[in-house]
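Here is a friendly tour of ring pairs, salt bridges and surface charge. Have the sequence and the model at hand as you read.

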Amino acid sequence: MSASLERLIEIIARLRDPEKGCPWDREQTFETVVPYTIEEAYEVEDVIQQGDMPGLCEELGDLLFQVVFHARMAEEAGEFVFDDVVCAINDKMVRRHPHVFAEEKPGDRHQQRQAWEGHKSQERKKKAGYIGSGALHGVATALPALMRAEKLQKRAARTGFDWPDIAGASQKIDEELAECQSALQGGVKQDIDEEIGDLLFSCSAASILPAMQTWMQRVPCGRLTASFPAVSPTWRAGLESRRKPFGSFQRRNSTSCGKKQN
């Protein structure tokens with residue numbers, strides 16, 4: 001292990017020290033740290049999208065801090081240590097790449113992908129608490145809803161449950177949008193929730209198609225962040241013009257609070 005990595009492990013151990021550590025770091029748990037771990041992963045993605053290599057170096061360090069911090073909490077609980085984390089990922093990568101580390105003959109990209117998924121399926125079956133071998137089993141429930149929907153759709157697509165082109169996906173979105181509008185008119189909250197969920201799930205399914213994926217993930221947010229500074233003053237001005245003066249509202253309702261006016 002490198003001296004710098006050992007130093008990081010020592011720093012986190014010191015931060016977690018029951019007597020001399022940082023009060024905030026000492027009181028953290030796996031559950032309270034999770035939002036920071038997720039946030040750091042997204043910040044890694046952000047600097048990559050920006051092409052910011054110095055920023056990537058910094059953000060990868062922040063993400064590594066999260067990994068070591070979780071490992072330290074596990075060590076304190078007597079579960080595992082950081083070295084176990086490293087050994088586990090080493091073993092997994094070697095196991096999933098027999099065409100590199102063993103005698104298996106490498107195939108094309110499609111064959112390698114199939115082999116990779118086969119290895120993952122076998123690993124899921126060996127895990128404690130395994131309950132089934134379905135194509136959708138093992139997709140993390142803690143993923144953001146749309147991300148989980150996309151992963152479920154990709155899993156389903158591998159079994160042939162997919163649209164061959166954008167026309168089929170578009171038709172399904174139109175169908176779900178009509179049902180969503182009908183539910184909104186009906187005003188029943190449960191129906192509205194279900195139909196909006198179906199609409200978003202259909203949009204997620206469409207994002208599997210290469211032409212839709214970037215649009216779904218990037219374009220709407222990019223357009224909003226680019227246009228909002230210019231649009232927001234105009235929007236606020238329009239909103240203010242539609243508001244009734246607070247003074248007149250106060251005068252009309254003055255008799256409802258306190259002493260009645262003569």
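## Ground rules

Helices (H or I, at least four residues) and strands (E, at least two) are DSSP runs, numbered from the N terminus. This is a predicted model, in which local features need pLDDT of at least 70 and side-chain atom pairs count only at pLDDT 80 or more, while totals for chains, interfaces and linings use all residues. Residues are numbered from 1 along each chain as its sequence is written, and side-chain values use heavy atoms, with hydrogens and water left out.

## Salt bridges within helices

Let's begin with charge pairs. Side chains of opposite charge can pair when their charged atoms come close. A salt bridge here is a side-chain nitrogen of Lys or Arg within 4 Å of a carboxyl oxygen of Asp or Glu, and the whole structure holds six of them.

In helix α10, aspartate 193 and lysine 189 sit four residues apart, about one turn of the helix. Their side chains meet in a salt bridge at 2.8 Å, N to O. For accessibility, buried means under 20% relative accessible area, exposed over 50%, and partly exposed in between (1.4 Å probe, protein chains only). Lysine 189 counts as exposed at 60%, whereas aspartate 193 is partly exposed at 43%.

Helix α9 (residues 166–186) contains glutamate 175 and lysine 172, three residues apart, about one turn of the helix. The closest N and O atoms of this salt bridge are 3.4 Å apart. Glutamate 175 is partly exposed at 39% relative accessibility, and lysine 172 is partly exposed at 25%.

## A bridge across the sequence

Which residue forms a salt bridge with glutamate 76? The partner is arginine 16, with the closest N and O atoms 2.6 Å apart. Glutamate 76 belongs to helix α4 and arginine 16 to the loop between α1 (3–15) and α2, so the pair ties together parts that are 60 residues apart in sequence.

Is arginine 16 buried or exposed? Arginine 16 is buried, with a relative accessible area of 10%, while glutamate 76 is partly exposed at 37%. Both residues also belong to a salt-bridge network that links Arg16, Arg72, Glu75 and Glu76.

## Aromatic pairs

A pair of aromatic rings is described by the distance of the centres and the angle of the planes. Rings of Phe, Tyr and Trp (its six-membered ring) pair if their centres lie within 6.5 Å; planes under 30 degrees apart count as stacked, over 60 as edge-to-face and the rest as tilted. By this rule there are two aromatic pairs. Tryptophan 24 and tyrosine 36 have ring centres 5.7 Å apart and planes at 75°, so this pair is edge-to-face. Tryptophan 24 lies in helix α2 (residues 23–26) and tyrosine 36 in helix α3 (residues 30–50), so parts twelve residues apart in sequence are tied together. Tryptophan 24 is partly exposed at 39%, and tyrosine 36 is partly exposed at 37%.

Phenylalanine 65 and phenylalanine 69 form a tilted pair, 5.7 Å centre to centre with 35° between the planes. These two are four residues apart in helix α4 (residues 53–76), separated by about one helical turn. Phenylalanine 69 is buried at 3%, whereas phenylalanine 65 is partly exposed at 24%.
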